[in-house]
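Good morning, and thank you for coming.

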Amino acid sequence: MASAATSVAIVLIVLAGVSSGLPATYADTNVAARMCMKTMNPMLCMVVLKVNPKSAYASTEQDVGSVALQIASDTAEYNVGVINNLNRGSLGKPEGGALAQCLWAYQDADNNLKHNARTGFDRGDYVGAMALVSGAQIVGDICENAFKMIGKNSPVSKIDRQMTERCGVAAELIGLLTHK
C-alpha cells in the first residue's frame, strides 16, 4: 500500500514540475493535468500535450481532447510526408514494398483522423472518434511489421513510436469524454 502512495506522490511531483514550465493560464485551469492523471501514463500524456502550444490554453476537457486529436492528426500527416520522401528513393527494392505498406497505412490513418475522427469529435461522438484514433494507433505496428517481414530494420521506428504514443494519449483523453 505504501508503494502505491509513493507512486502517486512521485507522479504529482513530476506533474507539478512539468506544469511549472507552462504558461500561467495552464497552471490556473489545470484541466489537462487533471485529465492526464486519469490516464495510464500521466507523464507521457503531459509530454504529448506539450507538443501543441494550444494545450496550454485549454480550459475544458473537450478542449484538451480536441488538442490531443489534433496532435495525433498532425503526427499522421507529418509521417506521410517523411515516408513518401523515403519511398521515392526505394522503388524496386524490398524496402520500397515495406515503405509502400507504411505509406498506405499512414495515409489511411491521416484521412480517418483529419476527416472522420475530427467530424465525429466536433459533433460530440466521442466513442466514434476514440475508435478511429485507436485504429490509427496501430499504424506504427503495421509499418514496423512490414520491415520485419523483409528482415530489415525500419528507418521510421522513431516516428512509428511517436504515432503509437500520441494516438494512445488522444484515445485515452477522448475516452474520458465518453462519460460526460
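At what angle do helix 7 and helix 9 pack? Helix 7 (residues 126–137) and helix 9 (residues 157–177) pack at about 165°, and their axes lie 8 Å apart. Helices here are DSSP runs of H or I with at least four residues, numbered from the N terminus. The two are therefore roughly antiparallel, a term for angles over 145 degrees.

Contact means heavy atoms within 4.5 Å. Helix 7 contributes residues including Y126, M130 and V133, while those of helix 9 include M163, C167 and I174. By class, this contact has 11 nonpolar, five polar and no charged residues.

This is a predicted model, in which local features need pLDDT of at least 70 and side-chain atom pairs count only at pLDDT 80 or more, whereas totals for chains, interfaces and linings use all residues. Residues are numbered from 1 along each chain as its sequence is written, and side-chain values use heavy atoms, leaving out hydrogens and water.

I turn to the disulfides. A search of the whole structure finds two, a disulfide being a pair of cysteine sulfur atoms within 2.5 Å. One joins C36 to C45, with 2.0 Å from S to S, and this link is left-handed, at -65° about the S-S bond.

The other joins C102 to C143, S to S 1.9 Å. This pair links distant parts of the chain, with C102 in helix 6 and C143 in helix 8, 41 residues apart. The link of C102 and C143 is right-handed, with 95° about the S-S bond.

Note on methods: Axes are lines fitted to C-alpha atoms, for helices over the stretch in contact, and angles run from 0 to 180 degrees between N-to-C directions. Angles under 35 degrees count as roughly parallel, over 145 as roughly antiparallel, 65 to 115 as roughly perpendicular and the rest as oblique. Ala, Val, Leu, Ile, Met, Phe, Trp, Tyr, Cys and Pro count as nonpolar, Asp, Glu, Lys and Arg as charged, and the others, Gly among them, as polar.
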